Each structure stands twice: as C-alpha cells, then as structure tokens.
Amino acid sequence: MKQTLQLKTSQHLALTPQLQQSIRLLQLSTLELHQEIEQVLSENPLLERLDDPLDRSVRLLADGAINSAPASSQASEAPAAQGNGEEGGSAPAENANGEANDAGGEGGESGGEGGEDWGEYGRSSGSGGEDEDGRPQLEASPVTLREHLMEQVRLTCCAARDCALVELVVDALDDNGYLEEPLEDIYARLPEELEIEFDELRTALAMVQSMDPPGVGARSAAECLALQIRRMPGVPMVTRRMALVIVEKYLTWFAQREFNKLKKALDCDDEDLREAQAVIRQCNPHPGAAFASDVSDFVVPDVIVRRAKDGWSVLLNPEVMPRLRVNSLYASLMKQGKSETQMNAQLQEAKWLIKNMRQRFDTILRVAQAIVDRQRNFFSHGAVAMRPLVLREIADTLGLHESTISRVTTQKYMLTPHGMFELKYFFGSHVATEAGGEASSTAIRALIVQLTGAEDPKNPLSDSKIAEMLGEQGMVIARRTVAKYREALKIPPVSLRKSL
C-alpha cells in the first residue's frame with residue numbers, strides 16, 4: 001500500500017466559548033441562572049453584582065433588634081462613588097478614592113443615626129410590655145402527625161406499658177394516618193419475653209383511633225370514614241346509620257355513583273340518600289395529610305404583560321434581571337499595565353457574561369412580544385380565543401432558529417391578567433374546522449371546561465355529546481379526542497360526575 005499526503009479545504013461550523021455560553025444561558029431557568037451567576041462571581045474577582053439577593057432579608061443586631069437599613073444601602077454609596085458606572089473601570093483611581101471618602105463620611109453619619117433610632121425603638125417597645133417587639137417573630141417548625149399524637153398520649157393517664165404500645169402503633173402509621181401493616185404482623189414482631197397479649201395491642205389501636213384527627217389509625221378507607229361519621233356531632237341517628245351502612249358495605253357503589261342500586265339496597269328515597277351523601281362528603285379520607293410538610297414551589301415571572309393604549313405590551317421583570325459590572329479597581333490596574341495574563345482572561349470572561357446576559361433578556365423580550373402579538377385575543381377574551389401557534393411561525397418572524405425559540409420558551413414564565421403561564425403554553429396543535437380554518441387545542445380544552453362546568457349535575461354531558469356540541473360550533477373533533485382532552489384536564493367521566 002502506497003502512502004500519500006493530501007491537502008483538503010473544507011468548511012465547518014465551530015462554536016466559540018462565547019457562543020456556547022450564550023446558548024447555555026438562554027436555556028437556563030431563572031433559578032438556574034442565578035445559581036450560575038453566583039458560581040461565576042465566586043470564581044471571577046473582576047465581576048461584581050450591584051443588586052444583593054439578600055438585600056431585603058431581615059438582619060439582626062447584637063441585641064436582637066432588627067437592623068434599620070439593608071446591607072446594600074450601607075455599602076451602596078462607596079462603590080457608586082468610586083467612579084464606576086455600570087460600564088465599570090472608566091474612572092481614574094485617585095478620583096474614585098476621594099469621592100469614596102466623602103461619601104463614606106456621610107454614609108457613616110446617616111447609618112449611625114438610623115442604628116440609634118432602631119435600637120431605641122426596639123428597647124422602648126420591649127420595655128412597654130406590648131406585643132410589638134423589636135425582635136423578629138420566627139416561624140415555628142411544623143408539627144408532624146407523630147408529634148401531635150404523642151402529645152395527646154402524654155395527656156392521658158395510662159401506664160407506661162400502654163403508652164409504649166400506643167407509641168408502637170403510632171410509629172406504624174403512614175403519612176395519611178393509615179395503619180397499612182396488619183396488626184397481627186406488628187404483634188408477631190414483639191419479643192415473647194414481654195408477655196404482651198394481642199388484646200392489649202388491639203386496645204392500643206383503639207386508643208389511637210379515638211385521638212385527633214378523627215379517622216387516624218384506620219386500616220382501610222371504609223374504616224376511616226366510619227370512624228369520622230361516628231364522631232361527627234349534630235347528625236340525626238337515621239342519617240348516621242345510613243351513612244355507616246354505605247361506607248361499610250356499599251362504598252364501591254357510592255364511589256361509582258350507582259345511586260339507583262344504593263336506593264334499592266337501602267330502601268330509601270332520594271332525600272334520605274342525599275342527606276347521607278352530605279354526611280360522607282364532610283369526611284376526610286386522608287386525616288394525616290394535614291400534617292404533611294409539603295413545601296410549595298413559587299414561580300417568578302420573567303416577563304409581565306400589561307394593557308397599553310395601543311394593545312398589549314411586554315415588560316421584563318426587573319426582579320429577575322441581575323445587575324453585573326466589571327470591578328473598577330481591577331479595571332484601572334489593568335489600564336495601567338499592572339495586570340497579569342490570567343486577569344486579562346478573566347476580564348474577557350466577565351465582558352462576555354455581561355454581553356450574553358443582555359442578549360439573553362433581549363431575546364426573551366422579543367419572543368414574548370411576538371407571542372403576545374399573535375395571541376392578542378387570548379389576553380382580551382381568555383383561553384377560548386387562543387389561536388394555533390407553532391415554533392416555526394415565531395422563528396420565521398424574528399429570524400431565529402426553532403431550537404432557539406424552544407430554549408427561550410422552556411421554563412420561562414409570563415404573568416398575564418389571566419394568570420401565570422409558561423411560554424410554551426401559547427403553542428399548541430390545531431384542529432380543523434368546518435369552514436376550512438383551524439382551532440387551537442388549548443381553546444378546545446377551555447370549551448370543554450366551560451361545557452362541563454355548566455352541565456346539569458343530574459344529567460351530565462357524555463364525551464359524544466360534548467363532541468357533538470363542539471361540532472355545532474364548527475370544530476370537527478372525535479369522541480376519543482374529547483376523552484383525551486378531558487382526562488388531561490382531570491375531569492371525571494360522566495358516570496362520576498352524576499349526582500342526585
């Protein structure tokens with residue numbers, strides 16, 4: 001085999017580090033973006049942040065009183081007086097130091113006065129003995145189901161042996177307050193040398209079931225409801241007895257709304273069954289769920305839509321826009337030629353980040369404005385007026401790629417008069433109409449919600465009937481499509497929406 005050398009010329013696309021950073025920042029959510037910025041700030045000393053994320057947090061003095069001014073107000077004048085605009089590093093070092101000394105003197109005087117005022121306020125309010133105290137009121141830790149039950153055990157006058165068995169049963173409860181493990185299995189795990197009878201464990205379970213919240217310690221949904229019905233005050237005896245029979249024997253029929261079968265089995269009329277149904281609906285099938293420590297996730301909007309004179313306008317949310325700049329001290333040293341090669345690289349990275357951040361928010365604003373321009377009927381009339389929209393339409397309008405639009409609309413949120421929505425919410429598939437046009441799937445879902453919300457509870461609409469009513473409005477849609485949309489909206493089927 002003969003070896004030869006060949007020279008070829010070709011073109012290929014290479015992503016520069018700046019472009020890679022721009023793409024990465026564009027697809028980050030607000031929370032991920034701030035985490036990325038904090039990491040860069042810890043690694044690059046030439047980059048500094050003007051807005052303090054902890055600016056509005058409560059700060060305590062040594063005596064426990066609340067600090068008068070946030071940290072940013074105490075230190076804002078010094079950086080601002082160092083000759084640094086947001087461009088950073090353009091003012092001479094001597095000028096910056098001179099102005100900083102003057103501003104520092106004024107800030108010190110005002111800070112001292114503020115500290116004295118707040119300190120006196122805290123001491124005077126505390127001496128008055130009123131509820132208003134300078135010390136902050138901290139939120140108490142949430143009480144768990146086990147702690148709530150054991151507190152009731154301590155208030156009972158029972159022997160230590162009985163308290164230990166009750167605690168054993170309490171430890172076997174799940175988050176909803178149910179005893180999923182059979183009582184026989186718990187008894188089998190007990191050591192024989194303790195000589196514990198099964199009746200003692202059954203008594204401990206009965207004690208747990210008599211505690212608050214009602215229904216705790218139940219071994220099934222029927223037993224949970226029965227425990228609550230027996231303890232429910234102000235219920236007539238006949239209604240209570242009928243409700244107990246329903247939950248203990250005919251709970252499946254009740255869940256499936258088989259009211260005709262229930263009336264035949266109980267030999268009652270609609271009024272009696274309606275009263276028993278009202279009693280059962282007052283019960284809580286998950287008595288321990290109220291003590292679950294679920295933390296709600298809050299979403300901060302990236303853009304805000306407001307009504308203007310000529311329509312709807314989009315504004316960036318200033319709360320999610322970090323204010324970054326290059327450190328003036330390092331920038332002045334680099335202009336004087338006293339910097340190292342590493343600092344030059346860090347300066348370039350800082351400028352790239354500031355530029356890419358500005359470009360990120362500009363792109364989000366452009367995409368959001370383009371969405372609003374095409375969905376004006378939604379903002380004026382609601383989801384029923386949503387029109388079909390695809391990523392390509394926005395991409396062609398702005399001269400961007402579809403992948404860029406996809407990155408912008410992922411985990412970015414818009415605050416509207418109708419609520420907060422992810423930008424992807426405004427894109428959806430379409431359904432053909434009889435007139436040859438198109439209807440958005442989001443609008444069809446909204447119509448299904450309206451139709452089921454206005455239906456007669458005694459004669460709810462079936463999927464076929466909903467499809468027929470949508471067809472009368474010009475939307476050709478199959479019954480199975482209606483069922484798919486209804487299930488996505490978590491609307492029960494017609495058999496479970498029927499009431500007496």
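Modeller: Happy to! The chain has 23 helices and eight strands, where helices (H or I, at least four residues) and strands (E, at least two) are DSSP runs, numbered from the N terminus. This is a predicted model, in which local features need pLDDT of at least 70, side-chain atom pairs count only at pLDDT 80 or more, and totals for chains, interfaces and linings use all residues. Residues are numbered from 1 along each chain as its sequence is written, and side-chain values use heavy atoms, with hydrogens and water left out.

Colleague: How much of the chain counts as buried?

Modeller: Of its 500 residues, 36% do. Buried means under 20% relative accessible area, exposed means over 50%, and partly exposed is in between (1.4 Å probe, protein chains only).

Colleague: And what share of the contacts join residues at least 24 apart?

Modeller: That share is 61%, counted among contacts between residues at least 6 apart in sequence. A contact means heavy atoms within 4.5 Å.

Colleague: Let's talk charges. How many salt bridges turn up in the whole structure?

Modeller: A search finds 19. A salt bridge here is a side-chain nitrogen of Lys or Arg within 4 Å of a carboxyl oxygen of Asp or Glu. Side chains of opposite charge can pair when their charged atoms come close.

Colleague: Which residue does Glu36 pair with?

Modeller: Its partner is Arg24, with N and O 3.3 Å apart. Arg24 is partly exposed, at a relative accessible area of 33%.

Colleague: What about Glu38?

Modeller: Glu38 meets Arg49 in a salt bridge, at 2.9 Å from N to O. This pair links distant parts of the chain, since Glu38 is in helix 2 and Arg49 is in strand 1 (residues 47–49), 11 residues apart. Glu38 is partly exposed at 38% relative accessibility, whereas Arg49 is buried at 17%.

Colleague: Where does the partner of Glu48 sit in the chain?

Modeller: The partner is Arg325, and the closest N and O atoms are 2.5 Å apart. Arg325 lies in strand 4 (residues 324–326) and Glu48 in strand 1, so the pair ties together parts that are 277 residues apart in sequence. Arg325 counts as buried, at 4% relative accessibility.

Colleague: Which residues are linked in a network of salt bridges?

Modeller: Arg146, Glu167 and Asp171 are.

Colleague: Which of its residues are buried?

Modeller: In helix 14, Leu273, Ala276, Gln277, Val279 and Ile280 are buried. They cover an arc of only 160 degrees around the axis, which puts them on the same side of helix 14. The arc is that of the directions from the helix axis to the C-beta atoms. What covers these buried residues includes helix 10 (221–231) and helix 13 (259–266).

Colleague: And which are buried in helix 19?

Modeller: Helix 19 (residues 402–409) has Thr404, Ile405, Val408 and Thr409 buried. Their arc around the axis is only 125 degrees, which puts them on the same side of helix 19. Helix 19 is followed by Gln411, whose phi is positive, near 60 degrees.

Colleague: Last one: in what order do the four strands of the open sheet come?

Modeller: The order is 3-2-5-6, with mixed pairing. Strand 3 (311–316) and strand 6 (419–422) stand at the edges with a single partner strand each, so one side of each is left without a neighbour in the sheet. Two strands pair if DSSP finds at least two bridges between them. Strand 2 (residues 303–308) runs antiparallel to strand 3, and six bridges join them. Strand 5 (residues 413–416) and strand 6 are also antiparallel, over four bridges, and form a hairpin with two residues between them.
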